[in-house]
Amino acid sequence: MRRMARGFGLDTAWSELRAGLEQHPTAAGLLLALISYFAFSLHDALVKLLVAKIDAPEILFMRSLTVVVLCLSLGGRGVVSRGLFSPMRNKLLLRAFLTFVAWLLYYSSARYLGLAEMITIYFASPLLIAVMAGPLLGERVTATRWLALGIGFVGVLLAARPHGSNPVLPALCVGLAAIIWAYAMILMRQISAELRGWDQVFVIALLFLVGCGITLPFLWKTPSLAQLLLMLGLGFISTTAQLLLIKSVRFAQASAVAPMEFSGLLWSFVFGYCLFGDIPALSVFFGAGLILLSGAMVVVGEMRGPRSLPGSASLTGKLKKG
């Protein structure tokens with residue numbers, strides 16, 4: 001494989017690309033983050049496409065199968081021992097269980113909500129993390145951040161439209177998923193000091209395999225070849241997006257990368273229209289605008305405060321999906 005790469009000049013191309021990235025680290029980090037959030041949004045859109053015909057547990061099973069194989073291939077066999085026998089095992093298993101429940105709630109609602117509505121409501125999660133970080137992580141929440149959180153919460157309410165045309169139960173399920181994800185991310189922050197990302201992703205994917213596998217005898221629908229390839233491809237897309245995101249915060253400061261997460265909100269409108277013909281209601285556009293404003297206020301506040309180490313604080317949103 002190595003000789004083939006040399007034959008095609010891939011080694012040289014990769015070396016030149018890497019040198020270019022290292023010369024402009026901040027720009028490289030922002031570019032990688034933008035690609036990552038594009039991939040995450042594409043992932044969500046493809047799941048919504050599949051869930052119209054196939055139940056969420058079957059989709060998650062096939063996706064997780066790919067993730068487990070990738071973790072073992074790229075992370076090595078050590079991911080098994082480190083993940084399953086770590087002193088942080090109980091917290092990791094709790095995080096895996098919470099992520100599993102959140103996924104089922106989120107994607108089971110995808111049949112009934114537009115992609116833009118789903119992702120806009122989901123953006124309550126990063127806001128909730130900021131609230132939980134005070135009592136659970138001992139982080140100081142400033143008055144500016146509280147104001148930003150309030151604005152973001154109003155935006156989520158507008159997007160959910162509890163008295164509008166959205167079905168109430170699916171919107172509540174996505175909201176509950178956002179709350180669960182927020183606490184799962186707090187756990188991730190506590191676990192990350194002891195465990196590598198690969199180890200966490202492996203354990204979560206393994207629990208998904210077991211949990212979803214139990215339901216397959218009751219829910220299984222034989223997919224077409226295209227559906228099968230899409231389900232397996234979801235694991236590749238998700239893992240690639242995670243790796244790009246991790247790499248992005250090695251190049252650029254977390255406070256600089258954080259605003260790129262909100263590009264996922266914009267992509268949800270694009271994919272929703274292109275794949276499903278969704279044109280969100282005006283309230284969803286207003287809600288998304290308020291959430292973008294909220295995120296910008298938090299980021300500006302972080303940049304004016306003490307500078308954090310790359311990868312330290314902010315990328316709370318899409319690391320949810322493990």
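**Close-up views of a predicted model**

**View 1. Nonpolar surface patch.** Val154, Leu158, Leu282, Phe285 and Phe286 make up a nonpolar patch on the surface, and their accessible area together is about 480 Å². The model is predicted: local features need pLDDT of at least 70, side-chain atom pairs count only at pLDDT 80 or more, and totals for chains, interfaces and linings use all residues. Residues are numbered from 1 along each chain as its sequence is written, and side-chain values use heavy atoms, with hydrogens and water left out. Two or more residues of the nonpolar patch come from each of α9 (143–160) and α15 (282–304); α15 gives the most, three residues. Leu282 lies in helix α15 and counts as exposed at 59% relative accessibility. Patch residues have over 30% relative accessible area and no salt bridge; like charges are joined within 9 Å, and nonpolar side chains (Val, Leu, Ile, Met, Phe, Trp, Tyr) within 5 Å. Accessible areas come from the Shrake-Rupley method with a 1.4 Å probe, and for residues only the protein chains shown count as cover. Helices (H or I, at least four residues) and strands (E, at least two) are DSSP runs, numbered from the N terminus.

**View 2. Salt bridge between Asp55 and Arg111**. The side chains of Asp55 and Arg111 form a salt bridge at 3.0 Å, N to O. Asp55 sits in the loop between α3 (25–51) and α4 (56–75), and Arg111 in the loop between α6 (89–108) and α7, so the pair links distant parts of the chain, 56 residues apart. The count is one salt bridge, defined as a side-chain nitrogen of Lys or Arg within 4 Å of a carboxyl oxygen of Asp or Glu. Asp55 is buried, at 17% relative accessible area, whereas Arg111 is partly exposed, at 35%. Buried means under 20%, exposed over 50%, and partly exposed in between (1.4 Å probe, protein chains only).

**View 3. Packing of α3 and α4**. The axes of α3 and α4 come within 10 Å and cross at roughly 135°, which makes α3 oblique to α4. Axes are lines fitted to C-alpha atoms, for helices over the stretch in contact, and angles run from 0 to 180 degrees between N-to-C directions. Angles under 35 degrees count as roughly parallel, over 145 as roughly antiparallel, 65 to 115 as roughly perpendicular and the rest as oblique.

**View 4. Packing of α7 and α14**. Helix α7 (residues 115–122) packs against helix α14 (residues 263–276) at about 165°, with the axes 8 Å apart. The two helices, α7 and α14, are therefore roughly antiparallel to each other.
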